[in-house]
There are 2 protein chains.
Amino acid sequence: MTTVLKTRLPLIQGALAQISTAGLVVAVSKAGGLGVLTTTGLDEDGLAAQIAAVRTQTAAPFAVNLMLQQANIPELLAYLLAHPVPVVTTSAGSPKRFVTQLQAVGTQVVAVIPSVKVAQKMAALGVDALVAEGMESGGHIGTLTTMALVQQVTAAVDVPVFAAGGIYDVAGVRAAEALGAVGVQVGTAFLAAEETPISPAYQQALVAASDTSTVVTGHALGDAVRCLHNPLTDAYFAAEQQGATPEDLHALLDGSLAKAIAGDVTHGTLMAGQIAGRIAKIEPVAAIVQRLYPDER
Amino acid sequence: MTTVLKTRLPLIQGALAQISTAGLVVAVSKAGGLGVLTTTGLDEDGLAAQIAAVRTQTAAPFAVNLMLQQANIPELLAYLLAHPVPVVTTSAGSPKRFVTQLQAVGTQVVAVIPSVKVAQKMAALGVDALVAEGMESGGHIGTLTTMALVQQVTAAVDVPVFAAGGIYDVAGVRAAEALGAVGVQVGTAFLAAEETPISPAYQQALVAASDTSTVVTGHALGDAVRCLHNPLTDAYFAAEQQGATPEDLHALLDGSLAKAIAGDVTHGTLMAGQIAGRIAKIEPVAAIVQRLYPDER
């Protein structure tokens with residue numbers, strides 16, 4: 001109970017859309033980090049069930065992620081205000097309308113940010129911590145790298161900053177700390193956890209990945225997403241090259257994360273960060289956390 | 001005389017095309033780092049004059065950079081074999097044909113690399129050290145970030161690795177060391193040195209830059225270059241969007257670095273890395289080195 005988020009370790013599990021459900025969250029929180037529930041695709045009842053599943057398995061702190069482009073944020077927020085959780089993390093937008101409401105019910109608010117300007121806005125809102133996420137991360141990304149972003153954010157704001165992007169083991173943790181971060185957020189490394197509910201085919205693609213295996217789709221759509229190179233990304237870049245309309249490009253990508261999760265590694269989007277090249281096998285969450293904080297157990 | 005490159009500090013000044021001439025090189029080498037002469041635009045006589053200018057001002061180690069896309073590499077190489085320098089750094093290609101020749105005349109060879117695969121190739125050639133350069137760097141870049149690249153390269157090869165990209169002060173140095181690097185290469189921070197022969201307008205643009213001031217041109221040309229956003233980059237992206245031919249795009253960019261150096265910040269390419277946002281003023285090289293290694297003087 002030593003860190004800003006009341007976890008044993010200054011470690012946040014990155015919200016993994018459609019993936020980081022109760023099983024993974026419980027494993028991370030039990031290991032001393034902050035497990036973070038995805039709410040993508042959940043309604044109020046689904047969220048309630050996920051939270052209940054976490055609470056029945058651990059009393060450790062956990063978080064709920066609100067991806068602010070989701071249409072049903074008001075519904076989910078109302079539930080979280082009536083049934084408070086320890087931490088809410090927000091991404092892809094500003095939690096301006098509800099930071100103080102959440103804090104009033106005892107929930108800490110952590111905002112994921114891609115630049116100094118957004119970090120300063122979030123600090124002014126009074127959020128409890130920031131996650132400065134570099135573009136080596138998997139999934140939806142900005143343009144600044146972890147190395148460039150974290151040191152500029154920590155120099156610009158007084159709020160505790162967690163570094164995200166490219167962090168796999170204690171080397172990454174120490175690098176993040178050198179840049180002024182109080183801790184780290186880790187996403188890609190947890191994709192390779194035994195407790196993570198994605199298909200064996202997706203996990204084996206992570207094991208097979210090298211440092212140069214990721215590409216970034218979606219530039220033409222204003223929604224850059226880092227994922228493993230595969231036939232889908234080839235088709236996407238070919239379509240982009242041929243001047244496909246945004247509708248055509250969306251038709252290729254929409255629903256493709258669910259396909260990857262289900263095991264279709266040809267037509268699916270296998271979200272992953274550049275650090276995927278370091279993943280050598282599928283392991284329990286506890287082993288992944290141990291590699292991040294070997295001296296803390 | 002404690003480092004692999006026989007410098008007092010494990011610090012390499014990144015080769016700055018058309019910019020890192022004798023004045024800057026001497027200042028860096030005198031401060032304990034490895035100054036690196038650019039050879040862009042130089043013939044044999046020009047290179048001889050630059051080397052002589054360095055040698056008359058310092059006995060400290062320095063390097064000559066060979067950007068291997070230059071047409072006159074055979075001419076420059078012949079000169080360097082006949083008149084050895086302490087270190088040669090190579091970029092944008094493989095020094096395969098001449099590593100052993102240079103080492104036979106007492107020159108250490110350092111290769112700048114963008115991926116694990118290229119690092120392994122260079123290690124197999126027997127180079128003395130590697131610079132693992134992340135895509136937050138200014139100028140010509142690859143796709144991997146410093147955080148993701150350095151830890152994967154240091155895990156894959158036994159050659160000493162210097163980290164480049166996003167390094168501005170001791171925080172960056174310590175982060176690089178945490179990732180397994182023996183030292184750092186710094187480019188953008190030295191652009192803001194008093195000894196650097198670029199126009200005041202270029203230097204003031206660096207001072208004014210924020211973390212998000214850089215963009216990357218040249219994707220369509222297969223030659224990604226990071227530089228400060230300005231009217232030229234706006235014109236470039238507009239042309240790219242409108243389907244301009246490679247010839248049209250080259251017409252916009254060719255010669256534009258020289259324009260920036262001369263002070264045309266509207267039509268010039270102001271090469272700079274993402275760390276430019278940290279540059280607050282123009283200072284002597286010694287002050288920049290002091291900020292990188294505050295405990296070593």
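1. In what order do the eight strands of the open sheet in chain B run? The order is β1-β9-β8-β6-β5-β4-β3-β2, and the pairing is parallel. Note that this is a predicted model. At the edges of the sheet stand β1 (11–13) and β2 (35–37) of chain B. Each has a single partner strand, so one side of each is left without a neighbour in the sheet. On average, neighbouring strands are turned by 25° against each other, direction ignored.

2. Look next at strand β8 (residues 161–164) of chain B.

3. β8(B) has a partner in strand β6 (residues 129–133) of chain B, and the two pair in the parallel sense over four bridges. Here B:A132 stands opposite B:A163 in β8(B). Another partner is strand β9 (residues 183–186) of chain B, which runs parallel to β8(B) and is joined to it by three bridges.

4. B:T90 stands opposite B:A111 in β5(B).

5. Now a helix pair. Two packed helices are described by the angle between their axes and the distance between the axes. For helix α1 (residues 22–30) and helix α2 (residues 44–57) of chain B, the axes come within 9 Å and cross at roughly 35°. The crossing of α1(B) and α2(B) is right-handed. From α1(B) come B:A22, B:V25 and B:V26, which meet B:Q50, B:A53, B:V54 and B:Q57 in α2(B). By type, the residues of this contact are five nonpolar, two polar and no charged.

6. Is B:A193 buried or exposed? B:A193 lies in the loop between α8 (188–191) and α9 (200–208) of chain B. B:A193 has 23 other C-beta atoms within 10 Å; 20 or more count as buried, so B:A193 is buried. What does B:A193 touch, leaving out residues up to four places away in sequence? The contacts are B:L24, B:A27, B:E283, B:P284, B:V285 and B:I288. The C-alpha atoms of B:A193 and B:I282 are separated by 5.6 Å, although these residues are 89 residues apart along the chain.

7. How many residues of chain B are in contact with chain A? There are 30, and they meet 30 residues of chain A. On the chain B side, α6 (146–156) and α7 (170–178) are the elements that give two or more residues. α6(B) gives the most, with six residues. The chain B side divides into 11 nonpolar, 15 polar and four charged residues.

8. How are the two chains related? In general, two copies of a chain are related by a rotation about an axis and a shift along it. In this model, a rotation of 180° with 0.0 Å of shift along its axis superposes chain B on chain A, with an RMSD of 0.0 Å. That is the relation of a two-fold axis. In chain B, the C-alpha nearest the axis belongs to B:A175, 2.0 Å from it. The same surface serves both copies, as 100% of the contact residues of chain B recur in chain A.

Definitions and conventions:
Residues numbered from 1 in each chain as written. Chains lettered and ligands numbered in written order. Predicted model: local features only at pLDDT ≥ 70, side-chain atom pairs only at ≥ 80, totals over all residues. Contact = placed C-beta atoms within 7 Å. Nonpolar A, V, L, I, M, F, W, Y, C, P; charged D, E, K, R; others polar. Least-squares fit on C-alpha atoms with pLDDT ≥ 70 in both. Axes fitted to C-alpha atoms, helices over the stretch in contact; angles between N-to-C directions. Left-handed = near helix turned anticlockwise from the far one by under 90°. Pairing = 2+ DSSP bridges. Buried ≥ 20, exposed ≤ 12 C-beta atoms within 10 Å, placed from the backbone.
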